[in-house]
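Please look at the sequence and the structure shown here, and keep both in view while reading the report that follows.

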Amino acid sequence: MRSSPALPASPLPAGSRPPAAARRPRLSSRRLWDALSHAYIWAVLVVFILPFLALVGFSFTTRPGEAGVVTNYGYVLDTFGDNLLWSLKISGLTLLINTLVSLPAAYAIVRHSFPGKRLLFSVLTLPLYVPGAVIGISLVLTYNFTYHLTTSMWGLVLAMALGTFPLMLTPVVVALKDLPVIFEEASACLGATRWQTYRRIVLPLIGPGVSAGLLLCFIIVFNEYLVTLFVHPPGLTTAPLRVFNQIRTAGLAPTTAALAVTMQLISLAAVLLFFRLFGARHLKGTYLL
Amino acid sequence: MSTVRLASITKHFGTTVAVHEFDLEVADGEFVTLLGPSGCGKTTTLRMIAGLVEPTGGRVWFDDQDVTFLPPRARNIGFVFQTPALFPHLSVAENVGFGLSVKGARKAAIASRVEEMLAMVDLTGYGARTPSQLSGGQQQRVALARVLATDPRVLLFDEPLSALDKNLRESLKFAIRELQRRTGKTSIYVTHDQSEAFAISDRIVVMNGGRVEQIGSQTEIYLRPRTGFVAEFIGANNALPGTVVALEPVSGTSGQSGEHRFRIRSGELTLSCRSRLPVAVGDAVVAYLRPEDLAVVDDDGAEYRNVVEGEVERVIFEGPTAQLRIRVAGREMRVDVGGSRRLTLTEGDRRVRLGFDDLNVVPADTASADGGSGGSGGSGGSGGDGSAEPVSA
């Protein structure tokens, strides 16, 4: 529409100027391409979100002979709180352990050289490639040698940390590799101790990596079912475990859907919270921030 | 403020020798520049002074304190890096106050010091901005303010201007010198840019292959280079390899202390030279002649110690001067002429007469026309460019 005025004045004589008509279709084909791209993105979004929308819709329905919508979520509030609390507790403790393990480990791996460094990093990321069932069985076997781990939540927390800390370690390693060492040198030359440098310079600057790691771990741990099934101590039922139990016993009921929706909302809230807390420059300009 | 002393400081990286037994004494308040091509060990030396690199051997002293193995934070230094390295998540004021803040200074004290420092680098009122809102030159000035805020004993600069564009480099290099004068800080500055080194230094250390080639003032380094490397690295120079053929007594008036005169034979030319080097007849030397020290003479050139004839091959008009390429005895020499002479000379078969005073010479084994005098400390051989005279041992 503004093709000809937008073009810079051509220094060429009129005869050799490419005709304006040759340009117009090119521009409009680009617009077409843009429109198609946008349509594609939205289509993908709808396809991915549709099942979730179905779930939400189902959670608001009632079955004959049962009470109304409010009751579905009332049921969640009444009986699900305990399971959610366990899930949050387990997730929180797992994140704490992952943080305490991953931050120093990532720093050592990136900033120092020692024999067997590459091997160590490979071994550390191994749990990512091991199927949950295998981890579950191995842990059940291992925990049999102890008493405490099979009867307290720590067995579960340890299992979660074991399976997920590579998810924390990897983004932190990447963030540290991208952080020029010059900031640390500048800090050291200004008189900062190693700890001051780490806390005031390194940690804020690798924040996005840390937040990505924490987020991944949280989502995985909060929704983890398989390993939990193997190692959860008697009397401790996490939220996903409860959802599965519910499906097994009550079938696909609206109350079950309400449970699932609640879990989903908590995960979403966690995403937004982590980005707010630790910064997410990589998400600036998207729908999230 | 303090003196800095390096005692045969050495750094090996694996089997590579980055710095070899480097000795240097920097006086209190002095501005010393380490100048050399990339990879000559100047930055490594600076980083050893800062404590960012631990030396393989030798000692670093600040005044009477042996700081060789102290971490950087315990040395009270100010290090200005090649890039400003401002902490991107902190404001300008927080950057400048960082050094004081990690030492636990009170907020009010930090704030007033930050104000003072920003005023010093002409950035009053920029404290609330983030580094990304500043231009490259402003960022480097904040970096200066940041290191000065902690009142360091020694200022260390690692090519602080190399990332900036030319005009900014010009103004900032004088700003650095001015700040250094005003604060009286002992400073060590690393650069590969000789005009930078000449503009701001009290003394210059020319380095090559991890070794010191020469330490001296600008004039000493430019006019009396002691090695072939220095002669060729600093400015333009015509190299004339030759052999000493005769020694002359120094005539009282013009001889500088410790210098003596002699004649060398270089190809078909016999040239009058002067040097502080002890030379004997038969020694292989390389004589150096600056393009601006050659004059085109119309008469017999009796006022010059040396007169040669040559053919003008090329005239390159460069504005204030013209660069001539003149073939003298089979060797092309560069001659820079100014004034009206630069307009009257033309290319062609014209023969001209060139006059010049005594040449400065260096021993042939220090010359490295190909720039490859790393580490090995060649044993009295050729000038390296293959055109040297036969050597007599």
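In which sense do strand β1 (residues 4-13) of chain B and strand β4 (residues 57-62) of chain B pair, and over how many bridges? They pair in the antiparallel sense over five bridges, where strands are DSSP runs of E with at least two residues, numbered from the N terminus, and two strands pair if DSSP finds at least two bridges between them.

This is a predicted model, in which local features need pLDDT of at least 70, side-chain atom pairs count only at pLDDT 80 or more, and totals for chains, interfaces and linings use all residues. Residues are numbered from 1 along each chain as its sequence is written, while chains are lettered from A and ligands numbered from 1 in the order in which they are written.

β1(B) is also joined to strand β2 (residues 16-26) of chain B by seven bridges, and these two strands run antiparallel. Their hairpin has two residues between the strands, and G14(B) takes a positive phi near 60° there.

| Strand | Bridge partner of R5(B) |
|---|---|
| β4(B) | W61(B) |
| β2(B) | E25(B) |

Helix α2 (residues 92-102) of chain B, a helix being a DSSP run of H or I with at least four residues, is largely enclosed by the rest of the structure, because eleven of its eleven residues are buried. A residue is buried if 20 or more other C-beta atoms, placed from the backbone, lie within 10 Å of its own. The buried residues of α2(B), including F98(B) and L100(B), pack against α9 (194-205) of chain A together with α3 (107-120) and α4 (136-149) of chain B, where a contact requires C-beta atoms, placed from the backbone, within 7 Å. After α2(B) comes G104(B), whose phi is positive, near 80°.

Notes:
A residue is buried if 20 or more other C-beta atoms lie within 10 Å of its own, exposed if 12 or fewer, and partly exposed in between; C-beta atoms are placed from the backbone. Two residues are in contact if their C-beta atoms, placed from the backbone, lie within 7 Å.
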